[in-house]
Amino acid sequence: MTDGDTYPRDMIGYGRTPPYADWPNRARVAVQFVINYEEGGENNILHGDAASEAFLSEIVGAAPWPGMRHMNMESIYEYGSRAGFWRLHRLFAGRSVPVTVYAVATAMARNREAVAAMNEAGWEIATHGLKWIDYRDIPPEVEARHIAEAVAIHTEVAGARPLGFYQGRSSINTVRLGMEEGGFLYCADTYADDLPYWLDGPRGPQLMTPYTLDSNDMRFATAQGFNSGDQFYAYLKDSFDTLYAEGEVAPKMLSIGLHCRLVGRPGRAASLARFVDYALSRDRVWIPTRLDIARHWIKKHPPPGGWKPSRLARTLFIERFGGVYEHSPWVAAAAYDAGLTASADTAEGLAKALAAAAANGSAEEKRALIQAHPDLAGKLAAANLLTAESIGEQASAGLDRLTGDELRQFSALNDAYRARFGMPFIMAVKRKTKADIVGAFQRRLANDANAETETALVEIDRIAALRLEDILA
C-alpha cells in the first residue's frame, strides 16, 4: 500500500476540526426524530416476494418462510400501522414536535389515512424506497426502476414528491442511484458522521445526512439490544448529553430512529415520551425535520470548492438560488431550464442568466414578483417576518435602527408610494444610506406607472446580483 493507491472509502471526513454547524438560535445540538413507516411494504408473498419477512419484529432471530405467509409476523407488522403509528402520531403531534417519516411507497399506498395524518401534522415525508426489502443482490437497473416507481407512488399518495431518500436495506449501488435520480436534496444511506457532508456525484454535489442504527429502537429487536424502555431512554439521554456538551464549541446532530411496530408498543412509547420531554426541557436545542437540516446545510455550508451552478442538479439549484428573487423560485427554475453554461458559475454570469429568465416572465409573473417584496422599514419588518436576506439588506442601510421621526417618515413614504402605484417601493438598499433611500422615494414618486414598474424590475435585478455576490464570493 502506497500513498498513490486509490481507496474508495473516506476514512478521514472532517478530521480534527469539523465545521461549525451554526444551527439556528445558537443551538448546541440538532435532535432529529425519524419514524420509519414500513408496514405493508415488507417481504410477503402477497407482494410478489419469495418468502415472508424476518427482520425487526418481536420474533428475534426469525427466519424467512419461502413460499409461505407467516401470520404471526404479518400481524406484528399490522400492529405498527393499525395502532403503533397512531400512538407515535399523538406523542409527537401533541407536543408540536417536527418529525421526518421514512415512508415505504407501497406501505403508504395501503394506508392513505396515515399519510394524511402525516401531512396534517406538517411532518416531512421522505422516501424509504418502493418496498422494504434487501437490495444487496438486486441488479442496479431494477433498483433504479424501483426508486423511480417509489417517487411516483409517493408523489401521488402524499401530494408532493419526496426530497429525501433512505433505502435502508441498501446495495452497493444505492447511493449512486439516489444521486442519479437528481431530485433529492439529501440522501441518508450513510452512518459515517455526526454532521451532514457532501459527495461529488454523477449529477454534481450531493448532500448526505447520516442516519443512525445505534440511537434506534431497532435494538429492541436485535441481539445485545435494549430489553427495556429504561435502557432505551438512558442511551438516548447519554447520546444527547454528550453531544450537548460538545455543542458549546462544535454543535452536531443526533438522529433517532423509530418504528411504529417497535417503539409504538405501550411499554416502549413511555420511554420515548420521557426523552422527548427531556429534550424539550433544555435550552439551545433545535428539533427540525431532516429536510430542515439539509436546507440549513445547503445555505450555510457550500460543497468543497464552492458553488458551481452549472454543475448542479435542478432541485439543488432551485433550492440554493430560488430565493435570490424574493419568494419567486420560478425565476431560478426558468433560468435552469433555459440551460446554464460555465459562465453562470460566476456571480455576474448567473445574475445575467436569472435576469434574462425574469425578463421573459409573463406580465402576471412580473406583477407577482414585484408584490413579493416587502416595504422598506414596513409592517413585515416590524413583525420580524422578512426573509433573512431582506433583514440583512435593510439592516445594512440602518433601516432597523430608525428614530421615531424617521419611522414616521418612512411610513408616510410607503403609504404615498402604494397609493400612487399599488405596489411596494423596491430598491437595492445594500451600501445605501437612509438619505439615499429617502431621496429615491421622493424622485420616483414623480414617475408614471409604466416607468416605475420598469424601475422596480431593474432594482429587483440589482438586489439579486448583490445577493449572488455574497453566495458566490
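Here are a few notes on local features of this predicted model.

1. Ground rules. Residues are numbered from 1 along each chain as its sequence is written, and side-chain values use heavy atoms, with hydrogens and water left out. Because the model is predicted, local features need pLDDT of at least 70 and side-chain atom pairs count only at pLDDT 80 or more, while totals for chains, interfaces and linings use all residues.

2. Two positive phi values. S96 is not a glycine, yet its phi is positive, at about 55 degrees. It lies in the loop between α1 (71–93) and β2 (100–103); helices (H or I, at least four residues) and strands (E, at least two) are DSSP runs, numbered from the N terminus. S96 counts as exposed, with 66% relative accessibility (exposed is over 50% relative accessible area, buried under 20%, partly exposed in between, with a 1.4 Å probe and protein chains only). R284, also a residue other than glycine, has a positive phi near 55 degrees, and its place is the loop between α7 (266–281) and β9 (285–286).

3. Strand β3. In a regular strand, side chains alternate between the two faces of the sheet. In β3 (residues 124–127), E124 and A126 point one way and I125 and T127 the other, and all are buried. The strand runs parallel to β2, joined to it by 4 bridges; pairing takes at least two DSSP bridges between two strands. A103 has T127 of β3 as its bridge partner.

4. The α4/α5 packing. The axes of α4 (residues 140–158) and α5 (residues 174–181) come within 10 Å and cross at roughly 50 degrees. Axes here are lines fitted to C-alpha atoms, for helices over the stretch in contact, with angles from 0 to 180 degrees between N-to-C directions. The two helices are therefore oblique to each other (under 35 degrees is roughly parallel, over 145 roughly antiparallel, 65 to 115 roughly perpendicular, and the rest oblique). On the α4 side the contact (heavy atoms within 4.5 Å) uses P140, E143, A144, I147 and V151, and on the α5 side T174, R176, L177, G178 and E181. By class, that gives 5 nonpolar, 2 polar and 3 charged residues (Ala, Val, Leu, Ile, Met, Phe, Trp, Tyr, Cys and Pro are nonpolar, Asp, Glu, Lys and Arg charged, and the others, Gly among them, polar).

5. A buried arginine. R444 sits in helix α16 (residues 434–444) and, at 9% relative accessibility, counts as buried. Leaving out residues up to four places away in sequence, R444 touches Y417, F421, F425, I426, M427, E452, T455, A456 and E459.
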